[in-house]
Amino acid sequence: MVDSEPILFEILDTCPKNDEELPLNDVYNWADALVLVFAITDRRSFNYVRRVKQTMLDTFEMPVALVANKADMVHLRQVSTEEGEILAKDFECCFTEVAAAEQVGQIAEVFLEVCREVLSVRRKNKQSLLDRMLGGKTAVVKAYARGKSDSALPKD
């Protein structure tokens, strides 16, 4: 439950085999949100996350969170906090530095915030619970026009 609303998590880790392999469009079509994670100790992972977001920027609109992992390894830092903050501003998303091995609470907060954003988008789209459970990505909202009831029809 998130803010008194049920939400179902299904997490897909798309860890690439190499730096050139980007997630396929099927991943973006499937997802309601993205949590993009890079290691502060690995400049390549930061550049990879930037490329992933830029490739989907014009095509897919969804909540995104940018997470810098390994914050406990500052002595090996290759990506500054400022670089992460700038990238998050470019992506118009939240940014957090965490040490996933030690700060489970912060990881939970990231997911909680992403869930809130997903719920907000769903409310705006008025996506039904049934549509969400069946995996529909977009809900078509039709205006309901009430027709005449049987009692208003002429009697034969």
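Student: Which residue just after α3 takes a positive phi?
Tutor: Glu92 does, with a phi of about 55°. Keep in mind that this is a predicted model.
Student: OK, how confident is the prediction, in terms of mean pLDDT?
Tutor: The mean pLDDT of the protein is 76. Of its residues, 65% reach 70 or more.
Student: And where does pLDDT stay under 50?
Tutor: Over residues 138–153. For that stretch the model has eight contacts beyond four places in sequence.
Student: Back to α3. Which of its residues are buried?
Tutor: Helix α3 covers residues 81–91, and Gly84, Leu87, Ala88 and Phe91 are buried there. They span an arc of only 100° around the axis, so they sit on the same side of α3.
Student: Why does that kind of spacing work in a helix?
Tutor: An α-helix has 3.6 residues a turn, so residues three or four places apart point the same way.
Student: What exposed residues are on the face turned away from the buried side?
Tutor: Ile86, Lys89 and Asp90.
Student: New topic. How many aromatic pairs are there in the whole structure?
Tutor: A search finds two. Phe38 and Phe46 pair edge-to-face, 5.0 Å centre to centre with 75° between the planes. Phe38 and Phe95 are stacked, at 6.5 Å centre to centre and 10° between the planes.
Student: What does the Phe38 and Phe95 pair tie together?
Tutor: Phe38 lies in strand β1 and Phe95 in strand β3, so the pair links parts 57 residues apart in sequence. Phe38, Phe46 and Phe95 form one aromatic cluster.
Student: Is Phe38 buried or exposed?
Tutor: Buried, because its relative accessibility is 2%. Phe46 is buried too.

Technical notes
Residues are numbered from 1 along each chain as its sequence is written. This is a predicted model: local features need pLDDT of at least 70, side-chain atom pairs count only at pLDDT 80 or more; totals for chains, interfaces and linings use all residues. Side-chain values use heavy atoms; hydrogens and water are left out. Buried means under 20% relative accessible area, exposed over 50%, partly exposed in between (1.4 Å probe, protein chains only). Helices (H or I, at least four residues) and strands (E, at least two) are DSSP runs, numbered from the N terminus. The arc is that of the directions from the helix axis to the C-beta atoms. pLDDT is the predictor's confidence in each residue, from 0 to 100. Contact means heavy atoms within 4.5 Å. Rings of Phe, Tyr and Trp (its six-membered ring) pair if their centres lie within 6.5 Å; planes under 30 degrees apart count as stacked, over 60 as edge-to-face and the rest as tilted.
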